[in-house]
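Hi,

Here is the structure I promised to send over.

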Amino acid sequence: MATSEAKSRTAFWIFFGFFQILGIFSIVIFVVWECFFNKGFAWDYRNRQFAIHPLVMVLSMVVLYGQGSLTYRVVTCMNRSKVKILHLVIMGTALVLAVFGVVTVFIYHHHMNYGDMYTLHSWCGMMTVASFALQFFLGMGILLFKGVDGNLKRSYLSLHRYGSLAILAMVGASVVSGVIDDVYLCMSNKSYRDLKLHAVVLNVMGLTSLIAVLNLMYLLYRDDWKRNASNRSGSPEGDVPAQETRPRAPSNDDNFPPPPDYPPPPKETTSLLRHQ
Ligand code: HEM
């Protein structure tokens, strides 16, 4: 039993490590390309400013969003309240960076006299950032504060979990459509065979980011990789009396009382035997 738990934990760390490598690789390949083989980054209202957009979007919505969504599964050495704050700080930083990345491209479009929101990528990207902002503020309002009704917290938590996966699906679609848009724009009438190194680097970054997102979705999908009942006080469910087959006894650690239909503790086995 202990061995299979250890194997499962090892598998978790392998997928976790793979996610980190892919995320860092996506950023590094793009930064190296821009700084050493292209014009680099600058707030010049031109191409160097546009380059900030893909960098910041992948950094915020893939790398940081990933760290934020995995906090409860990775950080097992802190109590629930501290993990919650860490989760909030990482997600808040990711959101601020994502908004900055989108504003960067809006300002660039404005100075170049290009239109806004005319591609599928723009709409998909805007939907992604808006959903993330909604999830962040709803999560903060409902799950962070102790006074909120327990039933509301319970029902919202499943929506919050689904929301993370839905946002990740949108991040994958935004990155891929953004790369396609950029490659299309930078190829301008060239034949596909003359694909520039710029396009190759962007395609590689798009692909590695997409694999990182799929990997992250798997890390979040595995229920057995949640913190187990013994150290559950650090997970989001630490707040929410879970619908378990064998219910957890209410503890002083809970933020709100258990549901009204909370079953009484099972009778002791010895007393059952006595009646036989
Ligand atoms: C989660 C990731 C991303 C999000 C949420 C996102 C969001 C957006 C948004 C909202 C716009 C519209 C700006 C406007 O209309 O003025 C935009 C434009 C653009 N983005 Fe992204 N983006 C992401 C990743 C990327 C990546 C990785 C690239 C690759 C180079 C990219 C390339 C572009 C391009 C070329 C435009 C201008 C043309 C267009 O509107 O389609 N984006 N992005």
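Before the details, one cut-off: a residue is called buried if 20 or more other C-beta atoms lie within 10 Å of its own, exposed if 12 or fewer, and partly exposed in between. Please also keep in mind that this is a predicted model.

With that cut-off, helix H7 (residues 197-221) has these buried residues: Leu202, Met205, Gly206, Thr208, Ser209, Ala212, Val213 and Leu216. For the protein chain as a whole, buried residues make up 26% of the 276 residues. I also checked the length of H7.

As for the overall make-up, the chain has 8 helices and 0 strands. Going along the sequence, that reads α-α-α-α-α-α-α-α.

Now the ligand. The shell around it holds 27 residues, and the closest are Thr119, Ser122, Gly125, Gly178 and Asp182. Which helices supply at least two residues each to that shell? They are H3 (52-74), H4 (80-112), H5 (120-143) and H6 (150-187). H6 gives the most, with 8 residues. By class, the shell is made of 15 nonpolar, 9 polar and 3 charged residues.

How do H4 and H5 run relative to each other, parallel or antiparallel? Their axes come within 10 Å and cross at roughly 150 degrees. Angles over 145 degrees count as roughly antiparallel, so that is how H4 and H5 are described. The H4 and H5 crossing is left-handed.

H5 passes H6 in a left-handed crossing. The contact of H5 with H6 involves 13 nonpolar, 11 polar and 2 charged residues.

Isoleucine 21 sits in helix H1 (residues 2-37), while alanine 212 is one of the buried residues of H7. Isoleucine 21 itself counts as partly exposed, because it has 13 C-beta neighbours inside 10 Å.

Last, some backbone angles. Most residues other than glycine have a negative phi. Tyrosine 45 has a positive phi of about 60 degrees although it is not a glycine. Tyrosine 45 lies in the loop between H1 and helix H2 (47-50), and it is partly exposed because 14 other C-beta atoms fall within 10 Å. Asparagine 113, again not a glycine, also has a positive phi of about 60 degrees. You will find asparagine 113 in the loop between H4 and H5. Is asparagine 113 buried or exposed? With 6 other C-beta atoms within 10 Å, asparagine 113 is exposed.

Cheers

Notes
Residues numbered from 1 in each chain as written. Predicted model: local features only at pLDDT ≥ 70, side-chain atom pairs only at ≥ 80, totals over all residues. Near = placed C-beta within 6 Å. Helix = DSSP H or I, 4+ residues; strand = E, 2+ residues; numbered from the N terminus. Nonpolar A, V, L, I, M, F, W, Y, C, P; charged D, E, K, R; others polar. Expected span 1.5 Å × (residues − 1). Axes fitted to C-alpha atoms, helices over the stretch in contact; angles between N-to-C directions. Parallel < 35°, antiparallel > 145°, perpendicular 65-115°, else oblique. Left-handed = near helix turned anticlockwise from the far one by under 90°.
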